[in-house]
Amino acid sequence: MKILVTGGAGFIGSAVVRLAVRRGHQVVNLDALTYAANLDNVAPVSDSELYRFEQADIRDRPTLDRIFARHRPDVVMHLAAESHVDRSIDGPAAFIETNVMGSFNMLEAARAYWTDQGRPQDFRFHHISTDEVFGSLGKTGQFTETTPYDPRSPYSASKAGSDHLVRAWHETYGLPVVLTNCSNNYGPYHFPEKLVPVVILNALAGRQIPVYGDGGNVRDWLYVEDHADALLLVVEKGRVGRSYNIGGENEATNIDLVRTICAHMDDLHPQGAPHDRLIAFVPDRPGHDRRYAIDPARIRDELGWRPSVTVEQGLRRTVEWYLDNRDWWQPLLARDGVGKRLGTG
Ligand SMILES: NC(=O)c1ccc[n+]([C@@H]2O[C@H](COP(=O)([O-])OP(=O)(O)OC[C@H]3O[C@@H](n4cnc5c(N)ncnc54)[C@H](O)[C@@H]3O)[C@@H](O)[C@H]2O)c1
């Protein structure tokens, strides 16, 4: 299968690229290389004859048309997005431009190409989205595929907008789409502005570990390589027009997650232990959703997918990876905004 992956130099996109090439698929990685991108993320496969890279911006429609014509993909996996909630609070415009308008361009470029090909029914436009579109849960309940959308941050609103466009392109034009809404990912190659790498790298440096609010916000954590595996399954076997929620079956409060990472650090890097002495509660993010939880019954029952690692195993591997891969993350600390408190409103 020839897959056009957008955002393949980012965290999750690169996991998809690495796994797809290892499984023998041809991959065209389309990425604008924003602050969040890193071509080192795909270094393990970039010498493969199955791999191609196109530096392009999804806001640039003529370039998208040229890339479709040049590579003639069988399927599209659309992950390119602005992805950091805190940045969306400080600068929402980029989120609307890339996540809404960029996704619109991708849909139109894909539709033109698909029409030109004679509307093959095995073509797929797989749109990768987030559980954040569903809003915030109380102490109980889980998001299903029929939970009404209730986005509460500029990021989640922009992703919700793109999800609606994708469904509309299926209903109106018949474009064969599938959607996935996934919970919080963590793992190797995670850009060092997100919670898990911030905790590891601050613990390593003996710096304060900031925890927003009371630390009681609950997320459902999924190891990124399990997510990539689920995404390849959905693009191959998912039913057209359908969406699938993907979760890790690993709910944890932020503070429990942070303490678990500190415990792994104590074990793997005893200098500076106990690392949880560095934890500091800082003012909360405005509009911070309290709890997300995924009901993964559809992808489990229809497609037979389950996560392969527990959060304990995945966090251990992740801490080990950051300790072993300083050359990957050290240069990223100099990028704009990294290490600063963003999104205070
Ligand atoms: N990180 C999570 O926990 C999570 C969970 C569920 C869903 N998602 C979704 O998965 C996708 C990937 O998330 P991620 O965490 O890997 O993000 P990321 O920020 O690590 O990577 C995004 C990639 O998209 C590229 N990009 C951004 N704007 C672009 C543009 N205009 N044109 C072309 N490329 C552009 C960037 O250069 C970067 O390589 C996103 O759509 C996100 O909404 C993320």
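## A tour that starts at a cis proline

Select P274 to begin: this residue sits in the loop between α8 (254–268) and β13 (279–282). Helices (H or I, at least four residues) and strands (E, at least two) are DSSP runs, numbered from the N terminus. Now show the backbone here: the peptide bond that joins A273 and P274 is cis, with omega at about 0 degrees.

A word on what you have open: this is a predicted model, in which local features need pLDDT of at least 70, side-chain atom pairs count only at pLDDT 80 or more, and totals for chains, interfaces and linings use all residues. Residues are numbered from 1 along each chain as its sequence is written.

**Two backbone stops**

Most residues other than glycine have a negative phi, and most peptide bonds are trans. R119 counts as partly exposed because it has 13 C-beta neighbours inside 10 Å; a residue is buried with 20 or more other C-beta atoms (placed from the backbone) within 10 Å of its own, exposed with 12 or fewer, and partly exposed in between.

Then pick E249, in the loop between β11 (243–246) and β12 (251–253). E249 is not a glycine either, and has a positive phi of about 55 degrees. With 17 C-beta neighbours inside 10 Å, E249 counts as partly exposed.

**Into the core**

Which residues have the most contacts inside the largest nonpolar core? They are V16, M77 and I261, in a core of 84 residues. Such a core is a set of buried Ala, Val, Leu, Ile, Met, Phe, Trp, Tyr and Cys residues joined through C-beta atoms within 7 Å. Leaving aside neighbours within four places in sequence, V16 is in contact (C-beta atoms, placed from the backbone, within 7 Å) with V5, G8, M77, L79, A228 and L231.

Is L201 buried or exposed? L201, in helix α6 (residues 195–205), counts as buried, with 20 C-beta neighbours inside 10 Å. Beyond four places in sequence, L201 is in contact with P192, Y322 and W329.

L333 lies in the segment after α11 (326–329) and is exposed, with 12 other C-beta atoms within 10 Å. Not counting residues up to four places away in sequence, L333 touches P192, V338 and G339. Draw a C-alpha distance from L333 to I299: they are 34 residues apart in sequence and 37 Å apart in space.

**Zoom out**

Finally, show the whole chain, with its eleven helices and 13 strands. Of its 345 residues, 46% count as buried. Its C-alpha atoms fill a box of roughly 60 × 45 × 40 Å, taken along the principal axes.

Conventions. Contact = placed C-beta atoms within 7 Å.
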